[in-house]
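Trainee: I would like to learn how to read a structure feature by feature. Please take me through this one.

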2 protein chains.
Amino acid sequence: MLTQGVVAELRRALDPADVLLDRADLISYSIDGTWLEGRPDCVVMPRSAEQVAAVLRIANRERIPIVPRGGSTNLSGGTIPLGGGIVLNLAQLNRILEIDTGNLLAVVEPGVLTHDLDRAVRKHNLYYPPDPSSLKQSTIGGNVAENAGGLRCLKYGVTSKYVLGLQYVTATGQIGRAGGRVIKNVTGYQLDQLLVGSEGTLAVITEITLRLIPRPRHKRTATAIFPTLEGASGSVAEITREGIIPSALELMDQSSIRIVENVVRLGLPTDAEAILLVEVDGNHEGAMEDEMDRVAAILERNGASVQRAHDEAEGERLWAARRAVSPATARLKPNKLGEDVSVPRSAVPAMIRRCREIAAKYDLLMPVWGHAGDGNVHPNLLFDRRNPEEVERVQFAAAEIFEAAVSLGGTLSGEHGIGVLKREFLGLAVDPTTVGVMKTLKRALDPNNILNPGKIFPEGGDGNRRVPVHLALTGPGSGETVNTTSAPIR
Amino acid sequence: MLTQGVVAELRRALDPADVLLDRADLISYSIDGTWLEGRPDCVVMPRSAEQVAAVLRIANRERIPIVPRGGSTNLSGGTIPLGGGIVLNLAQLNRILEIDTGNLLAVVEPGVLTHDLDRAVRKHNLYYPPDPSSLKQSTIGGNVAENAGGLRCLKYGVTSKYVLGLQYVTATGQIGRAGGRVIKNVTGYQLDQLLVGSEGTLAVITEITLRLIPRPRHKRTATAIFPTLEGASGSVAEITREGIIPSALELMDQSSIRIVENVVRLGLPTDAEAILLVEVDGNHEGAMEDEMDRVAAILERNGASVQRAHDEAEGERLWAARRAVSPATARLKPNKLGEDVSVPRSAVPAMIRRCREIAAKYDLLMPVWGHAGDGNVHPNLLFDRRNPEEVERVQFAAAEIFEAAVSLGGTLSGEHGIGVLKREFLGLAVDPTTVGVMKTLKRALDPNNILNPGKIFPEGGDGNRRVPVHLALTGPGSGETVNTTSAPIR
């Protein structure tokens with residue numbers, strides 16, 4: 001319980017100004033990138049791992065939920081303090097501690113913005129590839145906690161592939177270090193990798209050692225407009241077969257094209273079924289030119305009209321359509337459920353076809369875009385929360401999207417995390433033994449269930465829902481905050 | 001206890017011929033790639049995950065240690081049944097179940113030889129890069145359990161970077177699936193990554209889904225002979241600064257050069273202080289040629305005499321010296337302690353200098369070679385186990401090597417694992433909180449401590465040994481099998 005005595009203790013452990021209790025503060029920390037809401041009882045802003053440890057020792061003793069928070073751009077409700085408790089805002093731990101150009105690594109605190117890290121390493125001709133679309137607002141700590149992806153994962157891999165080591169604080173307030181500064185490390189378990197993607201439920205990350213790579217010197221960009229979706233998917237398969245791994249291979253379906261064109265007027269052909277945006281990068285200009293020649297030939301063979309950028313500015317213009325799609329959706333409907341199912345790459349066309357059928361069945365506006373190269377597909381369900389009948393259709397549609405992804409050999413989430421929005425569906429994608437093992441790990445590392453309780457694991461049943469409840473769970477002022485206070489994980 | 005009743009139960013659960021009890025069989029399963037020895041009470045050779053699960057249920061009930069085993073090429077005593085029990089030989093689970101060229105992945109059973117997998121995917125112009133030197137004898141299951149590395153990790157990463165998903169059996173005999181078939185997956189914890197490198201202590205792996213990449217079409221190889229070690233290390237730093245990531249960057253020190261030349265007579269200059277072997281690969285021949293031009297210029301600027309291969313056969317000849325070094329050591333002394341400390345790349349020259357000092361201090365023959373690009377250094381302590389005074393010097397030298405690696409920002413093991421040989425040193429490289437967390441994970445997933453007991457965690461004290469005991473621990477017929485029967489992890 002957050003008694004006056006506990007607040008006083010927190011104020012002694014931290015700078016008193018770093019303990020926030022004002023109503024305005026609590027409200028501003030009650031939201032994330034979704035429409036969910038949950039009011040914390042207190043917000044703390046530690047300035048060191050030791051302060052984080054002190055907060056956790058108090059919270060663990062008092063059984064107070066702790067919700068670690070970075071930029072809170074997440075799209076799964078992962079940083080919503082559903083059951084109240086203490087929001088642990090890591091924004092003040094925001095120093096880039098070291099950029100080691102000889103060993104190609106950086107040591108950073110979790111509150112560093114991803115974009116700021118890449119900007120800092122760029123000066124040394126180095127590159128930190130993971131680039132979630134939120135990179136100007138989201139933090140490295142959040143990226144690590146969600147194992148964030150982005151546009152360049154086919155070639156460069158997700159966040160976990162760049163984590164060499166972590167400093168972390170346990171639920172009981174002990175500080176440890178997992179992994180290290182080396183590329184090869186088999187000294188004990190890969191604890192760093194267990195913490196990556198654990199959504200703040202196993203430990204609090206207070207420092208991150210990240211692998212960097214040399215920044216590619218050259219890139220080539222092209223856009224391909226396809227009369228049919230089959231042409232686009234055929235091209236992706238053929239590019240793969242040719243042994244080409246583009247640094248980006250982005251797809252927009254017809255609905256996305258029309259939404260962008262309606263709002264931004266870039267001159268896109270609204271009768272096209274798909275647009276592919278392809279980028280290749282590397283250190284050798286001739287090799288990049290040759291590779292893009294091969295890609296363009298494949299795209300044209302598959303019926304596309306291809307536009308190649310001749311310089312960086314033109315490349316940026318080609319990216320404009322892809323970048324415009326997500327903001328453009330906001331003009332059409334007030335709310336958006338942005339799913340991020342992940343399927344084997346060859347299943348992307350089937351997944352998009354299923355999305356079309358689902359959109360038609362439930363009469364929903366549902367543009368689909370995504371990372372065609374890595375199989376991460378974003379069906380975006382647009383709706384108005386004030387229309388309960390539409391909300392219900394969205395719920396059924398989302399459930400069918402999850403089922404389709406799993407039946408195609410995929411999974412619920414490629415980069416957004418499970419959080420609250422997908423927790424009741426965990427059992428669709430993960431077998432009961434493995435859910436059991438994951439719960440065992442959670443119980444072992446956080447016996448009092450204080451770390452981000454109510455996230456990842458189903459609370460409503462066996463995690464095998466056919467009819468979702470997630471949209472109804474919470475909302476502004478709904479007060480429906482279900483059972484998430486520090487109750488033991490079953 | 002392995003009673004007659006339990007043996008009968010095992011015979012019912014498996015094909016009776018797959019339960020081995022003959023003394024000759026037990027002896028042949030009592031060794032690995034080290035000189036350690038430990039006699040199992042029984043060997044079982046399951047043919048399915050269900051059979052593995054049946055064996056584990058029996059073993060867990062009876063508290064019988066289970067030692068999972070692949071090719072048993074490991075160099076840390078990881079598959080030695082120190083406390084008796086059942087060796088779980090996974091050699092019969094050796095099918096390549098699927099090569100999915102569209103999604104660039106393979107599904108294999110753990111008993112598949114690593115070399116056989118790469119040979120199979122090569123037919124499709126695909127590539128499985130991790131290549132431990134044992135790849136013709138070691139299995140994918142063993143590679144995953146040890147998170148094996150090899151020569152190509154700087155550019156391509158270690159085994160864990162290729163694991164997309166696993167089927168596993170828990171200590172209590174339940175079958176589950178972690179990860180999946182997708183590149184981006186944040187649906188629950190990265191349980192697959194926790195199991196990778198866990199040395200058979202957390203679960204038994206029964207199927208592995210591996211990411212593949214397009215096979216590079218071109219490679220260029222060169223050897224550089226340096227009068228001074230500084231020239232070699234300067235070259236490595238400069239290659240990195242230039243943004244070049246070679247597919248191999250191997251170093252041999254003077255002692256290694258002399259040993260090879262004494263035994264194989266390749267015409268190497270025995271007054272050279274170091275040889276670097278550099279390989280670059282990629283899809284564009286001109287780009288590879290340009291890249292090797294830049295590498296050669298760097299090598300020459302740093303004082304090397306450079307020899308470039310003009311075709312694949314010549315490339316193979318350049319590799320001959322590097323390949324000869326490990327076998328050549330066997331001609332000099334009957335025993336070898338092959339360490340595999342891992343340090344940040346920039347610390348490789350300092351690590352090699354420390355090794356020289358340590359070899360001089362203890363008057364030992366200690367060739368050093370290693371993966372200069374990824375920081376994984378192999379000091380090889382040559383000795384004769386029949387000479388107890390020499391054995392003692394080796395023990396002290398090994399301890400100083402570990403201390404040097406850790407003080408340089410590195411760790412105990414880059415690719416061999418901790419197993420038995422390094423367990424008493426775990427605390428040198430891993431802080432007490434993290435050792436505690438790792439033990440907590442072990443207890444949570446294997447409450448009866450049946451899975452490969454006695455491995456990884458210190459048994460002799462706080463894991464902070466200055467004077468090692470590992471060479472004295474066991475040996476042929478020594479009977480010193482310390483406390484490793486299924487006792488609870490403290």
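Trainee: Which residues does A:Leu276 touch, leaving aside those up to four places away in sequence?

Mentor: Keep in mind that this is a predicted model. In soluble globular proteins, nonpolar side chains tend to be buried together. Here A:Leu276 touches, among others, A:Ala222, A:Phe226, A:Val236, A:Leu249, A:Leu251 and A:Leu299. Its contacts also include A:Thr223, A:Ser235 and A:Glu250. The largest nonpolar core has 194 residues, and A:Leu276 and B:Leu276 have the most contacts inside it.

Trainee: How many residues of chain A are in contact with chain B?

Mentor: 84 residues of chain A are in contact with 84 residues of chain B. About 6500 Å² is buried between the two chains, and carbon and sulfur atoms give 59% of that. In chain A, the residues that lose the most area to chain B are A:Lys184, A:Val186 and A:Tyr189, together 16% of what that side buries.

Trainee: How many salt bridges and polar contacts are there between chain A and chain B?

Mentor: Side chains of opposite charge can pair when their charged atoms come close. Between chain A and chain B the count is four salt bridges, and 40 residue pairs are in polar contact across the interface. α15(A) gives the largest share of the side of chain A that touches chain B, nine residues. That side divides into 32 nonpolar, 37 polar and 15 charged residues. As for a salt bridge, the side chains of B:Lys184 and A:Glu415 meet in one at 3.0 Å, N to O.

Trainee: Which parts of the chain does the salt bridge of A:Lys155 and A:Asp281 link?

Mentor: Those two side chains meet at 2.7 Å, N to O. The pair links distant parts of the chain: A:Lys155 lies in helix α6 and A:Asp281 in strand β14, 126 residues apart.

Trainee: Is A:Asp281 buried or exposed?

Mentor: A:Asp281 counts as buried because its relative accessible area is 5%, under the 20% cut-off. A:Lys155, at 30%, is partly exposed.

Trainee: Where is B:Asp384 found?

Mentor: B:Asp384 sits in the loop between β18 and α13 of chain B. With a relative accessible area of 16%, B:Asp384 is buried. Its side chain is joined to that of B:Arg386 by a polar contact of 2.8 Å. Leaving aside residues up to four places away in sequence, B:Asp384 touches B:Lys333, B:Pro334, B:Asn335, B:Glu390 and B:Val391.

Technical notes:
Residues are numbered from 1 along each chain as its sequence is written. Chains are lettered from A and ligands numbered from 1 in the order in which they are written. This is a predicted model: local features need pLDDT of at least 70, side-chain atom pairs count only at pLDDT 80 or more; totals for chains, interfaces and linings use all residues. Side-chain values use heavy atoms; hydrogens and water are left out. A nonpolar core is a set of buried Ala, Val, Leu, Ile, Met, Phe, Trp, Tyr and Cys residues joined through side-chain atoms within 4.5 Å. Buried means under 20% relative accessible area, exposed over 50%, partly exposed in between (1.4 Å probe, protein chains only). Contact means heavy atoms within 4.5 Å. Buried area is the accessible area (1.4 Å probe) that two parts lose on being put together, summed over both. A polar contact is a pair of N or O atoms within 3.5 Å; within protein, one must be able to donate a hydrogen and the other to accept it, and residues adjacent in sequence count only if both atoms are side-chain atoms. Helices (H or I, at least four residues) and strands (E, at least two) are DSSP runs, numbered from the N terminus. Ala, Val, Leu, Ile, Met, Phe, Trp, Tyr, Cys and Pro count as nonpolar, Asp, Glu, Lys and Arg as charged, and the others, Gly among them, as polar.
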